[in-house]
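Let's walk through this structure together, one part at a time. Keep the sequence and the model open beside you as you read.

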Amino acid sequence: MATKVYIVYYSMYGHVEKLAEEIKKGAASVEGVEAKLWQVPETLSEDVLAKMSAPPKSDVAVITPQELAEADGIIFGFPTRFGMMAAQFKAFLDATGGLWRTQQLAGKPAGIFYSTGSQGGGQETTPLTAITQLVHHGMIFVPIGYTFGAGMFEMEKVKGGSPYGAGTFAGDGSRQPSDLELQQAFHQVQGSSSVSVYFTKLKDLWPEYDSILPPPSSKEYADQLEFQRLLQILMGLNDSFEQARGQILVMPNVPTINQAYAMVIHDESRRSVGSNFLGNSGYNEPTAMQ
Ligand SMILES: Cc1cc2nc3c(=O)[nH]c(=O)nc-3n(C[C@H](O)[C@H](O)[C@H](O)COP(=O)(O)O)c2cc1C
């Protein structure tokens with residue numbers, strides 16, 4: 001069965017919506033993920049919206065609070081208003097009391113993305129103050145951290161987004177999300193993937209980290225780094241690899257990353273063959289968390 005990721009947002013002028021579309025592409029690029037865009041209801045009247053020069057809404061469906069419960073994971077997006085989420089989004093969350101009472105969102109992973117008008121206008125405070133909503137529902141906040149690599153350290157060009165999530169700057173409204181901001185939005189969803197995809201992504205990220213903070217060239221440091229990266233791979237594997245992870249960790253001689261990878265791949269294909277043999281059509285391909 002597909003993993004359902006809902007991207008739920010409010011956007012008055014289209015900047016958050018543009019990020020949402022990119023996040024959807026990123027989520028849908030992960031095998032087994034079904035991503036869907038949803039808007040929250042508008043609370044302002046047509047008159048007020050016209051006075052604010054808001055363009056007409058897109059035809060993305062409007063979500064009801066109860067529909068949140070269908071998702072396996074949710075990514076919430078909103079523009080900032082005085083450093084925190086727009087009231088339209090807060091009004092929607094205020095209508096989720098029934099879900100809170102029945103704890104239907106508890107344990108679901110959730111991410112956040114946002115748009116601000118200016119630098120210093122709320123790129124950090126907007127997601128940070130929104131975390132309280134997730135906490136009260138018992139949702140698990142999934143930040144981007146620095147997994148986006150070199151893009152997190154951009155200094156030459158203006159760039160929205162932070163370790164809290166993808167973001168953009170609207171400026172006076174005419175600025176559109178930059179390519180780098182869209183790339184970070186695409187990257188926001190890591191979800192689950194096969195061991196080979198997981199391994200390849202990590203291998204691609206390491207040279208980026210090394211170019212930002214070049215490691216010392218000593219042999220001792222190289223060995224230490226290899227060990228740290230081996231642990232990073234093992235800790236990122238999902239629970240279905242617990243046995244393989246345990247076997248690798250108790251080996252008397254620490255294996256190389258390639259040896260460990262071969263063992264995990266072997267474990268994955270062994271289980272996949274076993275499952276096909278049993279004819280279990282509901283079997284989910286073993287995946288690795290990133
Ligand atoms: C009432 C109001 C308050 C705002 N407060 C802030 C703010 O505190 N910081 C900021 O950078 N931008 C602020 N903005 C600008 C919006 O964040 C900007 O219009 C929005 O990011 C555009 O996103 P959208 O195109 O998805 O609607 C404010 C806008 C309005 C209308």
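Helices here are DSSP runs of H or I with at least four residues, strands are runs of E with at least two, and both are numbered from the N terminus. Packing rests on contacts, and two residues are in contact if their C-beta atoms, placed from the backbone, lie within 7 Å. A residue is buried if 20 or more other C-beta atoms lie within 10 Å of its own, exposed if 12 or fewer, and partly exposed in between, again with C-beta atoms placed from the backbone.

Before going on, please note that this is a predicted model, in which local features need pLDDT of at least 70 and side-chain atom pairs count only at pLDDT 80 or more, while totals for chains, interfaces and linings use all residues. Residues are numbered from 1 along each chain as its sequence is written.

Which residues of α6 are buried? They are Glu181, Leu182, Gln184 and Ala185. Seen down the axis of α6, these residues fall within an arc of 160°, so they line one face of the helix; the arc is that of the directions from the helix axis to the C-beta atoms.

Helix α3 (residues 87-94) can be read in the same manner. Its buried residues are Gln88, Phe89, Phe92 and Leu93. They cover an arc of only 140° around the axis, which puts them on the same side of α3. Their packing partners are β3 (73-81), β4 (84-85) and α5 (125-137). As background, an α-helix has 3.6 residues a turn, so residues three or four places apart point the same way.

Now to the core. A nonpolar core is a set of buried Ala, Val, Leu, Ile, Met, Phe, Trp, Tyr and Cys residues joined through C-beta atoms within 7 Å. The largest one has 39 residues, and Ile7, Ile23, Phe76 and Phe78 touch the most other members. A second, separate core has eight residues, including Ile233, Leu237, Phe241 and Ala244. Back at Phe76, and leaving aside neighbours within four places in sequence, this residue is in contact with Val8, Tyr9, Ala110, Ile112 and Ala130.

Around the ligand there are 18 residues, of which Tyr13, His15, Thr116, Gly117 and Gly121 come nearest; a residue belongs here if its C-beta atom, placed from the backbone, lies within 6 Å of the molecule. Two or more residues of this shell come from each of α1, β3 and β5, and β3 gives the largest share, three residues.

Two loop residues deserve a look. Phe82, in the loop between β3 and β4, has a positive phi of about 50° although it is not a glycine. Phe82 is exposed, with 10 other C-beta atoms within 10 Å. Gln103, in the loop between α4 (97-101) and β5, has a positive phi near 55° and is also not a glycine.

Finally, consider confidence. The mean pLDDT (the predictor's confidence in each residue, from 0 to 100) is 87 for the chain, and 88% of its residues reach 70 or more. Over residues 276-290, pLDDT is below 50. Where pLDDT is low, the predicted coordinates should not be read in detail.
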